[in-house]
Amino acid sequence: MSDLEEVIRERHSTRMFLPDRPVPRRLMDDALALAVRAPSSSNIQPWQLVFASGAARDRLVAALLHEARMRPPEIPPLPPAFAHLRRELGAQVYGSMGIAREDTEGRRVAVLRNWEFFRAPLAGIVCMHRDLGSVDVLGVGMFLQTLLLALTACGLGTCVQVSIAGYPEIVHAQLGIPTELSVLCGLAVGYPDPAFPANNLRIGRRAISENVVFHDV
């Protein structure tokens with residue numbers, strides 16, 4: 001359990017990768033072989049993944065950047081009661097990169113890195129069949145977390161990216177993803193850039209008592 005605990009604590013969002021250091025296919029195959037052991041309702045195994053590297057990744061990034069410069073992504077806003085959490089996270093992330101709140105250009109450049117997959121050499125797209133429901137999203141989530149932990153144990157960095165789902169038509173077109181699959185998020189995979197300040201950031205968590213209730217009687 002000590003090894004598992006170490007991996008869980010080590011996993012975090014990597015926000016800049018070494019673009020010229022490719023991810024060995026063997027490591028991906030090993031991690032995926034573990035991730036598919038995740039539970040799912042009725043053993044549907046609802047996860048569908050598409051990975052792009054090399055020229056395919058470059059074409060996807062170019063198309064996403066072009067669209068991001070023209071219009072904002074189609075990402076639903078958070079409910080007002082939760083919006084402050086996104087602002088607080090942004091303050092920590094931008095602060096770690098030395099980008100002040102009033103630095104509009106610096107923030108614009110940093111935001112565009114989302115659609116570069118933070119320069120990761122392996123760009124993943126996480127999908128699920130459009131006819132499946134919320135219980136199946138749970139299955140995808142458990143698979144994805146298992147995959148993240150397996151990749152962390154291999155020494156790789158990862159970042160789950162909701163921003164990628166903001167331009168689903170671009171992703172579908174560039175990677176030939178069937179229309180019956182919904183794009184849930186992106187997944188950047190690679191080796192972290194040790195010189196990038198935000199990669200040393202560790203985001204705190206709320207007290208367990210704020211999210212968990214035990215009934216004893």
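This dialogue explains how to read several side-chain features in a predicted model.

Q: What is the basis of the values?
A: In this predicted model, local features need pLDDT of at least 70 and side-chain atom pairs count only at pLDDT 80 or more, while totals for chains, interfaces and linings use all residues. Residues are numbered from 1 along each chain as its sequence is written, and side-chain values use heavy atoms, with hydrogens and water left out.

Q: How many aromatic pairs does the structure hold?
A: Rings of Phe, Tyr and Trp (its six-membered ring) pair if their centres lie within 6.5 Å; planes under 30 degrees apart count as stacked, over 60 as edge-to-face and the rest as tilted. The structure holds 2 such pairs. In one of them, the ring centres of tryptophan 47 and phenylalanine 143 are 4.7 Å apart and the planes lie at 10 degrees, so this pair is stacked.

Q: Is tryptophan 47 buried or exposed?
A: Buried means under 20% relative accessible area, exposed over 50%, and partly exposed in between (1.4 Å probe, protein chains only). Tryptophan 47 has 9% relative accessibility and therefore counts as buried. Phenylalanine 143, at 2%, is buried.

Q: Which residue forms a salt bridge with glutamate 67?
A: Side chains of opposite charge can pair when their charged atoms come close. A salt bridge is a side-chain nitrogen of Lys or Arg within 4 Å of a carboxyl oxygen of Asp or Glu. Glutamate 67 meets arginine 71 at 2.7 Å, N to O. Arginine 71 also bridges to glutamate 74, with the closest N and O atoms 3.3 Å apart. Through shared partners, Glu67, Arg71, Glu74 and Glu169 join into one network.
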